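Subject: Structure handover

Hello,

Here is the structure I said I would pass on. My notes on what turned up in it follow below.

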Amino acid sequence: MPQTDTSLTPDLLIRTEKLTLVRGGYPVVDRLDLQVSRRECLAVLGHNGSGKTTLLRLLLGLLRPTSGRVRYFRDGREVRRLNMGYLPQQSRLDPRFPITVGEVAASGLLSRRSLFRRITPAQRSRIGQLLDGAGLLSLAGRPIGHLSGGELQRVLLVRALAADPEVLLLRPGSAASRRAGDVYGRRFPGLPAPPPPGRGAAARRHRRDPQSAGHPPRRGTPAPALNPSAAAG
């Protein structure tokens, strides 16, 4: 009889197994074993060029690993893909494009509906709640070219949340990732609350000498990266 994987739990979402990506002869991501579960907040810390964005793109399925694999799960069963939201560091939206805040936010629903299907009342209500939570509801009809950089970043976060993603990935260095306290619990409805006092968030530090761009990354052991006071702040 096939052996049952007892490590699978209903909350498990993503698991990487010896995930490796090699570029130019050097491992950007090196044999990474990682698990991500529901209602879990993880931080990936490292210098510029240490592979943080590459790892996110691997998790999103936008890059093919050299070896190893990324597996997705829902309710204890392996699935082909998950509904994931992604907030990039910088927007590629052309501010001259004639599109409004509300339309950009609603574009996050395209993964859940046909391009030509109307938004349902429930979806419209969710977009309104998210815009309100981001302090953008009064700007819903404003063209994106009339927004500040911070306002545009919040619109993109609303877009990432619009389809009620099972996993939300924030690009390192993005304004929203630097304001994680606002994202988790205080401004947006339905998201996990920040870690309670006395309990830190788990993180894996990916070390690379900032002076060694283009050279092999230094290998480091996993280390606690957030202390309880930082996680609760």
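Ser107 sits in the loop that runs between α2 and α3. With a relative accessible area of 25%, Ser107 is partly exposed. Its C-alpha atom is 9.9 Å from that of Leu156, a residue 49 places away along the chain. Please keep in mind that this is a predicted model, and that every value here is computed from it.

Overall, the chain has 233 residues, of which 36% count as buried. Its secondary structure comes to seven helices and eight strands. Among contacts with a separation of 6 or more, 65% are between residues 24 or more positions apart.

Helix α3

This helix covers residues 121-133, which makes 13 residues. From the first C-alpha to the last α3 reaches 18 Å, close to the 18 Å expected at 1.5 Å a residue. Which residues of α3 are buried? They are Gln123, Ile127, Leu130, Leu131 and Gly133. These residues lie on the same side of α3, because the arc they cover around the axis is only 160°. An α-helix has 3.6 residues a turn, so residues three or four places apart point the same way. On the other side of α3, the exposed residues are Pro121, Ala122, Arg124 and Asp132. The cover over the buried residues of α3 includes α2 (101-106) and α4 (149-161). After α3 comes Gly135, which has a positive phi, near 70°.

Nonpolar cores

The largest nonpolar core has 24 residues, and Leu131 and Leu147 are those with the most contacts inside it. Two or more residues each come from α2, α3, α4 and β7 (167-170). The element that gives the most is α4, with seven residues. Leaving aside residues up to four places away in sequence, Leu131 touches Val101, Gly102, Ala105, Leu136, Leu137, Ala140 and Val158. There is also a second, separate core of 20 residues, which includes Leu13, Leu19, Leu32 and Leu55. As background, nonpolar side chains in soluble globular proteins tend to be buried together.

Thr16

Thr16 is in strand β1. Is Thr16 buried or exposed? Its relative accessibility is 2%, so Thr16 counts as buried, the cut-off for buried being under 20%. The side chain of Thr16 reaches the backbone oxygen of Leu32 at 2.9 Å. Leu32 is also one of the residues that Thr16 touches, along with Asp33, Leu34, Leu59, Arg69 and Val70, when residues up to four places away in sequence are not counted.

Salt bridges

How many salt bridges are there? The count comes to 10.

Arg38 forms a salt bridge with Asp11, and their closest N and O atoms are 2.9 Å apart. Arg38 lies in the loop between β2 (26-37) and β3 (43-45), while Asp11 is in the segment before β1 (12-23), so the pair ties together parts that are 27 residues apart in sequence. Arg38 counts as partly exposed, at 35% relative accessibility. Asp11 is partly exposed as well, with a relative accessible area of 38%.

The side chains of Arg31 and Asp30 also meet in a salt bridge, at 3.0 Å from N to O. Arg31 is partly exposed at a relative accessible area of 48%, and Asp30 is partly exposed at 28%.

In the pair formed by Arg74 and Glu166, the closest N and O atoms are 2.8 Å apart. Arg74 counts as partly exposed at 31% relative accessibility. Glu166 is partly exposed too, with a relative accessible area of 27%.

The network of salt bridges links Glu17, Arg69, Arg71 and Glu78. One of these, Arg69, is touched by Thr16.

Regards

Conventions. Residues numbered from 1 in each chain as written. Predicted model: local features only at pLDDT ≥ 70, side-chain atom pairs only at ≥ 80, totals over all residues. Heavy atoms only, no water. Helix = DSSP H or I, 4+ residues; strand = E, 2+ residues; numbered from the N terminus. Expected span 1.5 Å × (residues − 1). Buried < 20%, exposed > 50% of the residue type's maximum accessible area, 1.4 Å probe, protein only. Arc of directions from axis to C-beta. Contact = heavy atoms within 4.5 Å. Core = buried A, V, L, I, M, F, W, Y, C linked by side-chain atoms within 4.5 Å. Salt bridge = Lys/Arg side-chain N within 4 Å of Asp/Glu carboxyl O. Polar contact = N/O pair within 3.5 Å; in protein donor to acceptor, adjacent residues only side chain to side chain.
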